[in-house]
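Me: I'd like to learn how to read a few features off a protein model. Could you walk me through them one at a time?
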Amino acid sequence: MCNLAFKLLLSRKKWLILLIMSFALIISSIVAIYSSTETIKSNLLARSFQQFGEFSGVLLNISNENKIKKSSSNYGEYKLFDSYTIKDNIILNIGWADNNFFNIGHISLKSGKLPMATHEVAIESFYLDTFDPTWKLNQIRTIKIGTKEISLKLVGIVENYSSRWVIQNNYYPNMFLFNSDDISNNIKSNYLIAFKQNYSISKNIEFVQNLLGENEGSVINDRLLFTGLNDYEKITVLSVCLQIIILIVSSLCILTMLSFFNVNQRIKFAIFKSLGCSNNRLYLISILQTTYVYFGGILASTPLVILLHFLIIKHTYGFAIINKNSITGILIGTTVWLLILYILITLLSFLTIKKSKKSSISKGMQAGGLLNENYSNKLNYFKSFTLKQLTIQIFSHPKTSILSTLTLSFSILLILFSVTVAKESQGIWNTKIEYYLDSQQLVSTKMVDGHTVVANKGLTYSPDEVRKIESLKGIAYIDKSPYMLEVHPIINKDLLTSSLISWIDENKFANTENVSNDTIMIPNVKYVLKTTEELSKLTSNSNKEELQNLIVIHIPGIKAEEKEKLEEQSIELSKTSLSVDKLTTSTWKFKIAKIIDTPYKADFDVTSNINNEITIILDEQTAIDYGITQGYKQLMIYTEENLSKEESKIIYDKIYGLTVGVPGSLFQYIPELIFDRTRITEFLDFLGSFSFYISLTLSILSISMVIFGKYRLQKRYWGIYRSLGLSTNKLFYYLILELSVYYILAIIISSILYFIYLFLNRLDYPLYSYLLFFTSTIFTVLLVLIVSAIIIRGRISNDSISELLKIEE
């Protein structure tokens, strides 16, 4: 039986090659999408873990260790013993961490080893350079920890990790000691809760939130969960959706191909039945044929899978290293997909020969391609021969005609929706900011008597370090926001104007109270620090002592009489701080040197930055000396255009170096950020286009097979037409008409669904851009159809009238 099935296939070599290549295309596209997405996901995990640590959250100051050990299968423990302010606001934390801390955190050593004995120490690279750059490996230094002075031997240098990790306070060790009991006794532990890879991201969040619930100050690792793994689950959803779409189109195409394959084979099956072959044996022959073709398709698809695998990765996420740990999973998943495809193709093959079970031997021996009686009776309604002939062509096999139209419609909709959704999800990135820095991404605040109080210590970028960045060649401008979250302006009520009253009503905080009976707080104010020289130009005052207590205020839309009322008057800046569970409030009195009625606007060569808030401008050095602020919280850095690679690298290294010493700070290189944020949309765009061309190829193949297959089934009728004077060009004209019907119907179906989607959604891009895209898509489909029509034209030109009229015995 196996030999017979194989010989039957070999007797129809062209069909065999066509089926093998079609199966190879289907198998390679689905397997390549799966394997490439799994490779991308494994690399995404590895990169995110390397950058942000492999932990879902951090539990701080835990006294009940048993609860952690029972609820979490994997965790890293660390303790903090003491801390030093070693330079400006740079704090060095001294502590201990177990091996799991380094493993879960994916922290590596730049040189040396971890402490293995008492009085050994390893230090984070940046902090070693800042604390004592002369301290080399195996050298001893004496350091005061708590009340004890301890001699420590440097045995290892740890890579810079703390600035990359999520944090509310500087709460990770920078200097690692051996866990000596005489130091760590009675000190509470902190824990990194490992990310569970067998959990979804939402389940990881839920798990760690249950642990965090009773521990104030503990945090979720949102940099890993919401930044590093932002695309992780979306990639799976998109790839599965596209695989299912390809499966649907493939199923329709396979059903069409196998239908015509088995129609041409039914005479042989009828002969087998006349010789005593049972229906079950015919099913077995068909299944064996399908199996041979399928495994032939697997062999033919192998080089194509490898090519498409790396092509998809290269044009989406860019990294194609197959992780050794993920190879087994990818192989298992690929095997599952191959099994699904085999079952699907076998079922489709079974469906195409199901009718032969009920058909008689005599019916099986008849030539196919006749029009159903239900349709033939209606031909009399048409007077035009062309319409009659078109009806015969389309309705001689109505199911295959419908399948052909649907496959083409699916293909067009696939590219339209995937590209449109990708573009709208990506949005329009219109910024010239090159770098964005935030010294403290997580800030815990609370309202106390109308004052904003920062619960955790504010980390800042020092003005001196920022000026060094400003002085670099290639820096166009830095938009600086000082760390003044807890600073509020207070003004006498007698000085309130209608503009200020309106602003206070629109922006006042919840539970805002008057500071006193005579004064009121102005909420939601932006602060800008200027150098003494810049403030001097702005106020036209060259007296440095006076400039220390002068401020300029931008109040957009303020009237002239209001400006006169406020200028030369006094205003206070109030700051409420939390120190050792005690609130302290400090106030500083300033003189309003100038009121400007336009929004604050920072003009420079690259762009124009307009701020519509009330903006207070004061002297930078005064703000630092008075303790109003320690430095800057946010920096938006603009660079000049057409920088050389060397200049760009110097700027990148210097700016990144500014953030290394600020734990928990946010460093964003905007071009890289845009690339990261748009990778998932590029992934959808590329995979959608890739799936479109695969589906389009299958659709055109299916339609061509339907048209040419019907032509072969009805060849005697075409032979008769030819003998009566019908030219080859006229015959081709009728076939092109049928092709056009499928094409027009597919356009109508896809355009209705596509334009309904466009009109029901708010679009970032103009509608005409999608109209152009729709036009280019259907034009592309038309070109491919024309190519297939030319191929069909070449085939029918070779058929003589005698060959068409010949009856096969």
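Predicted model: local features only at pLDDT ≥ 70, side-chain atom pairs only at ≥ 80, totals over all residues.

Me: Okay, on to aromatic pairs. What do I look at?
Reply: Two things describe a pair of aromatic rings: the distance of the centres and the angle of the planes. This structure has 39 aromatic pairs. One of them joins Phe131 and Trp135, with 6.4 Å from centre to centre and 50° between the planes, a tilted pair. Phe131 is partly exposed at 29% relative accessibility, whereas Trp135 is buried at 2%.

Me: What kind of pair do Tyr656 and Phe667 make?
Reply: Their ring centres are 5.2 Å apart and the planes stand at 80°, so this pair is edge-to-face. The cut-off behind that label is over 60 degrees. Tyr656 belongs to helix H22 (residues 645-660) and Phe667 to strand S25 (residues 666-669), so the pair ties together parts that are eleven residues apart in sequence.

Me: Which residues do ring pairs link into a cluster?
Reply: The cluster consists of Phe55, Tyr78, Phe101, Phe102, Tyr161, Trp165, Tyr172 and Phe176. There are also charges over rings to look at: Lys41 lies over the face of Tyr232, 5.1 Å from the ring centre, and Lys196 lies over the face of Tyr199 at 5.7 Å.

Me: Next, strands. How many residues of strand S3 are buried?
Reply: Eight of the eight residues of S3 (residues 90-97) are buried, so the strand is largely enclosed by the rest of the structure. Check both faces: Ile90, Leu92, Ile94 and Trp96 point one way, Ile91, Asn93, Gly95 and Ala97 point the other way, and all are buried.

Me: Which strands does S3 pair with, and in what sense?
Reply: Strand S2 (residues 75-87) runs antiparallel to S3, joined by eight bridges. Within that pairing, Tyr84 has Leu92 of S3 as its bridge partner. S3 also pairs with strand S8 (residues 175-177), in the parallel sense and over two bridges. There, Gly95 stands opposite Phe176 in S8.

Me: What about S24, is it mostly covered or exposed?
Reply: S24 is mostly covered, with six of its eight residues buried. Strand S14 (residues 475-482) pairs with S24 in the antiparallel sense over seven bridges, and Asp479 has Met636 in S24 as its bridge partner. Strand S11 (residues 435-438) runs antiparallel to S24 too, with four bridges between them. In that pairing Asp438 stands opposite Gln634 in S24.

Me: Now backbone angles. Where do I find Asn642, and what is its phi?
Reply: Asn642 is in the loop between strand S24 (632-639) and H22. Its phi is near 60°, a positive value in a residue other than glycine. Asn642 is exposed, because its relative accessible area is 79%. His106 has a positive phi as well, about 55°, although it is not a glycine. His106 lies in the loop between helix H4 (99-105) and strand S4 (109-112), and its relative accessible area of 25% makes it partly exposed.

Me: Last one: cavities. How do I find empty space inside?
Reply: Rolling a probe the size of a water molecule over the atoms shows where empty space is left. Here the count comes to five cavities of 30 Å³ or more. The largest cavity holds about 80 Å³ of space. Strand S15 (487-492) and strand S20 (582-596) are the elements that each give two or more residues to its lining.

Me: Which residues line the largest cavity, and how many are nonpolar, polar or charged?
Reply: The lining is made of Pro489, Ile491, Leu500, Ile522, Ile553, Ile555, Leu566, Ile571, Ile592, Ile595, Ile614 and Ile616. They divide into twelve nonpolar, no polar and no charged.

Methods. Residues numbered from 1 in each chain as written. Heavy atoms only, no water. 1 Å grid on protein atoms, 1.4 Å probe; cavity = no way out; pocket = protein on both sides within 12 Å on 5 of 7 lines; lining within 4 Å. Points joined across faces, edges and corners; volume = space filled by probe spheres on them. Nonpolar A, V, L, I, M, F, W, Y, C, P; charged D, E, K, R; others polar. Phe/Tyr/Trp six-rings, centres within 6.5 Å; stacked < 30°, edge-to-face > 60°. Buried < 20%, exposed > 50% of the residue type's maximum accessible area, 1.4 Å probe, protein only. Lys NZ or Arg CZ within 6 Å of the ring centre and 35° of its normal. Pairing = 2+ DSSP bridges.
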